[in-house]
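Dear colleague,

Please find below the structure that I promised to pass on to you. I would be grateful if you kept it open while reading the notes that come after it.

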Amino acid sequence: MGFGRSECERCRRDFPALGREVNGHPLAYLDGPAGTQVPQQVIEAVAHYYRTCNANTHGAFMTSRESDEVIHRAREAVAAFLGAPSWREVSFGANMTTLNFSLSQALVREMRPGDEIVITELDHEANRGPWLALRERGIEVREIALRHDGTLDYGDMRRKITDRTKLVAIGYASNALGTVNDVPLARKLSREVGAWLLVDAVHYAPHFSLDVTTLDADFLLCSAYKFYGPHVGILYTRPGLLAKLRTDKLRTQDDEAPFRIETGTLNHAAIAGVSAAIDYVASWGQGETLRARLVSAMEGIARHEHAIASFFWENVRRLPGVMAWGQGFSSPHRAPTVSITIAGVSPSEAARALGEKGILVWDGDFYAARAIEVLGLAQGGGVLRTGISMYNTQEEIELLLKGVVALTER
Ligand SMILES: Cc1ncc(COP(=O)(O)O)c(C=O)c1O
């Protein structure tokens with residue numbers, strides 16, 4: 001079983017919010033990069049947790065033990081999703097940004113003034129801000145340049161990663177332009193100088209299967225609400241590494257990995273939903289193990305999303321007055337996220353007009369603020385972004401194209 005038109009149609013029935021209408025128009029939800037819709041299975045898992053065992057962890061009674069089990073099961077499911085050796089490498093937090101800030105506080109304790117961190121101009125601020133803030137502590141932060149075509153300048157990457165580099169923090173896929181970065185090259189260069197590699201996989205995780213072991217990442221972060229789950233941040237840390245880091249933690253918090261970066265009480269019900277989201281994705285794949293089903297499902301979903309996004313790209317960029325930013329779709333390793341500008345129509349005006357017709361797309365910089373500045377688009381209000389998820393159809397894109405044509409004719 002692949003994931004084609006009929007699977008897409010079938011999966012749509014699982015997402016109650018897709019059945020809504022806006023001004024009598026069916027709702028086309030094309031803002032997955034800001035958070036996907038959630039299937040009934042996830043909603044039910046969250047509700048089930050509250051209905052049956054809402055309790056704190058590590059207690060001596062039944063519902064507390066069940067809560068421990070729910071969280072443990074979620075760590076195992078995430079480990080399968082990431083290709084991690086075990087649940088011990090999986091920490092949870094409020095969201096990716098909060099986990100990355102916590103991590104930055106731990107990593108700076110292993111650095112000295114004058115040490116360097118390399119980030120990119122393409123990344124979401126969540127993978128720039130926590131590192132830029134360390135300038136106050138005497139850390140040099142160097143930025144790999146973004147080129148006009150939406151790709152990173154790899155010559156610049158080679159120049160900026162040096163013997164002084166302690167950490168390379170790079171996004172896997174851009175939430176603004178859909179570019180997939182050469183993370184294996186970043187690994188090779190960071191390994192040569194003994195630096196850690198941190199990967200922001202928030203935008204990559206909904207579209208391609210991840211394999212932290214092959215990537216050889218030291219840290220990888222993602223966020224379940226981008227892949228059909230609730231708002232929960234996820235941090236993978238290389239086996240044995242988190243235990244050595246001096247994280248900000250209460251003395252009452254478990255000292256071991258993966259717990260030592262988790263502050264306070266987690267969102268147990270949402271974490272129950274994370275397992276359900278992973279099971280949901282896996283249900284579209286085949287294989288003996290959860291991992292095998294996830295990899296197979298993600299292959300099918302990636303092919304479907306790529307076909308739809310590529311159809312949009314090929315058609316929208318031909319429209320007079322439309323500029324499509326970023327890379328084309330000749331490579332399958334391109335996230336299904338397309339950003340455009342329309343001459344004479346601001347992105348916010350365009351998003352509002354399309355929104356009135358039930359076509360939900362977002363405008364602005366999506367917190368990839370530096371990239372939008374570098375491309376010279378900040379003054380004009382950024383770009384209009386279309387994000388494709390597993391439940392989006394060719395018909396929705398045809399409606400979107402019609403809407404864009406109407407805007408170009410105003
Ligand atoms: C690429 C990327 N990185 C990081 C983040 C931040 O994730 P969170 O909202 O979980 O903090 C986002 C959110 O949009 C994102 O798209």
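The notes below concern the ligand site and then the aromatic rings.

This is a predicted model, in which local features need pLDDT of at least 70, side-chain atom pairs count only at pLDDT 80 or more, and totals for chains, interfaces and linings use all residues. Residues are numbered from 1 along each chain as its sequence is written, and side-chain values use heavy atoms, with hydrogens and water left out.

Around the ligand (a heavy atom within 4 Å) are N95, M96, T97, H124, A126, N175, D200, V202, S223, Y225 and K226. Oxygen atoms of the ligand take part in polar contacts (pairs of N or O atoms within 3.5 Å): a polar side-chain atom of K226 lies 2.6 Å from one such oxygen, a backbone N or O atom of M96 lies 2.8 Å from one, and a polar side-chain atom of H124 lies 3.4 Å from one. The protein buries 90% of the 390 Å² that the ligand exposes when taken alone (Shrake-Rupley method, 1.4 Å probe).

There are 14 aromatic pairs in the structure (ring centres within 6.5 Å; planes under 30 degrees apart are stacked, over 60 edge-to-face, the rest tilted). The W362 and F366 pair is tilted, because the ring planes meet at 50°, with the centres 6.0 Å apart. R385 lies over the face of F366, 4.0 Å from the ring centre (CZ of Arg or NZ of Lys within 6 Å of the centre and within 35 degrees of the ring normal).

Note on methods. Polar contact = N/O pair within 3.5 Å; in protein donor to acceptor, adjacent residues only side chain to side chain.
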